[in-house]
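Colleague: I have the file open now. Can you walk me through it?

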Amino acid sequence: MKILIIDDDKYLGKVVKEILELEGFDVEECVDIEGIDDLLEKQDFFPDVIILDPFNDFTFGKNINDESRIYTLVKKQIEIIFGKLDSHVKVIVFSAWDIAEQVEKTKNDFPPDTIIKFNNKGIKNLINELRRL
């Protein structure tokens, strides 16, 4: 299974990548959604699963608890991913923030065979989720 991690925190992305590689997954990472283009062109890497942290340094602030803003942000990022990749790629939103409800709402905006899940229960839970796919 090929996995792409999109996380603006280079350190965290690299740690998650190394752990998943030790578990036998083929993993690449980029620090933002725009980095997908470079990855596709340079490495011919087409992921089966995207692990997305939808927040970056610019989204943290006073409005982090604004549910509609979070929903819009998550939805927009997934739409961008599907614009760049096949819409059958599976997306797991992996964040330290508890945004499960907003992520759940995005499921109605995408094809039913798309798996969009939220996971903030740690790396072991993420690995188990990946193995179930």
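Modeller: A term to begin with: contact means heavy atoms within 4.5 Å. On that basis, residues 24 or more positions apart account for 70% of the contacts in the protein chain with a separation of 6 or more. This is a predicted model, in which local features need pLDDT of at least 70 and side-chain atom pairs count only at pLDDT 80 or more, while totals for chains, interfaces and linings use all residues. Residues are numbered from 1 along each chain as its sequence is written, and side-chain values use heavy atoms, with hydrogens and water left out.

Colleague: How many helices and strands does the protein chain have?

Modeller: There are 5 helices and 5 strands, taken as DSSP runs numbered from the N terminus (helices are H or I, at least four residues; strands are E, at least two). Along the sequence they follow the pattern β-α-β-α-β-α-β-α-β-α.

Colleague: And what percentage of the residues count as buried?

Modeller: Of the 133 residues in the protein chain, 41% count as buried. Buried means under 20% relative accessible area, exposed means over 50%, and partly exposed is in between (1.4 Å probe, protein chains only).

Colleague: On to packing. At what angle do helix 1 and helix 5 cross?

Modeller: Roughly 50 degrees, with the axes of helix 1 (residues 10-22) and helix 5 (residues 123-132) coming within 11 Å. Axes here are lines fitted to C-alpha atoms, for helices over the stretch in contact, and angles run from 0 to 180 degrees between N-to-C directions.

Colleague: What do you call that arrangement of helix 1 and helix 5?

Modeller: Helix 1 and helix 5 are oblique to each other. Angles under 35 degrees count as roughly parallel, over 145 as roughly antiparallel, 65 to 115 as roughly perpendicular, and the rest as oblique.

Colleague: Is the crossing of helix 1 and helix 5 left-handed or right-handed?

Modeller: Helix 1 and helix 5 make a right-handed crossing. The rule is that a crossing is left-handed if the near helix is turned anticlockwise from the far one by less than a right angle, and right-handed if clockwise.

Colleague: Which residues meet there?

Modeller: From helix 1, Val16, Ile19 and Leu20; from helix 5, Ile123, Leu126, Ile127 and Leu130. The residues of this contact of helix 1 with helix 5 divide into 7 nonpolar, no polar and no charged. Nonpolar covers Ala, Val, Leu, Ile, Met, Phe, Trp, Tyr, Cys and Pro; charged covers Asp, Glu, Lys and Arg; the others, Gly among them, count as polar.

Colleague: Charges next. How many salt bridges does the structure hold?

Modeller: It holds 4 salt bridges, each being a side-chain nitrogen of Lys or Arg within 4 Å of a carboxyl oxygen of Asp or Glu. Side chains of opposite charge can pair when their charged atoms come close.

Colleague: What does Lys17 pair with?

Modeller: Lys17 pairs with Glu21, the closest N and O atoms being 3.2 Å apart. The two are 4 residues apart in helix 1, so about one helical turn separates them. Lys17 is buried at 18% relative accessible area, whereas Glu21 is partly exposed at 35%. Not counting residues up to four places away in sequence, Lys17 also touches Ile5, Val27, Glu28 and Glu29.

Colleague: Which residue does Arg131 bridge to?

Modeller: Glu23, at 2.3 Å from N to O. This pair links distant parts of the chain, with Arg131 in helix 5 and Glu23 in the loop between helix 1 and strand 2 (26-30), 108 residues apart. Arg131 is partly exposed at 48% relative accessibility, and Glu23 is partly exposed at 35%.

Colleague: And Glu129, buried or exposed?

Modeller: Glu129 is buried, with a relative accessible area of 9%. Its salt bridge is with Arg132, the closest N and O atoms being 2.9 Å apart. Both lie in helix 5, 3 residues apart, about one turn of the helix. Arg132 is exposed at 56%.

Colleague: Last one: where is Lys84, and what is it in contact with?

Modeller: Lys84 is in helix 3 and is partly exposed, with a relative accessible area of 24%. Leaving aside neighbours within four places in sequence, Lys84 is in contact with Ile33, Glu34, Ile36, Asp37 and Leu40. Lys84 and Asp37 are 47 residues apart in sequence, with 7.4 Å between their C-alpha atoms.
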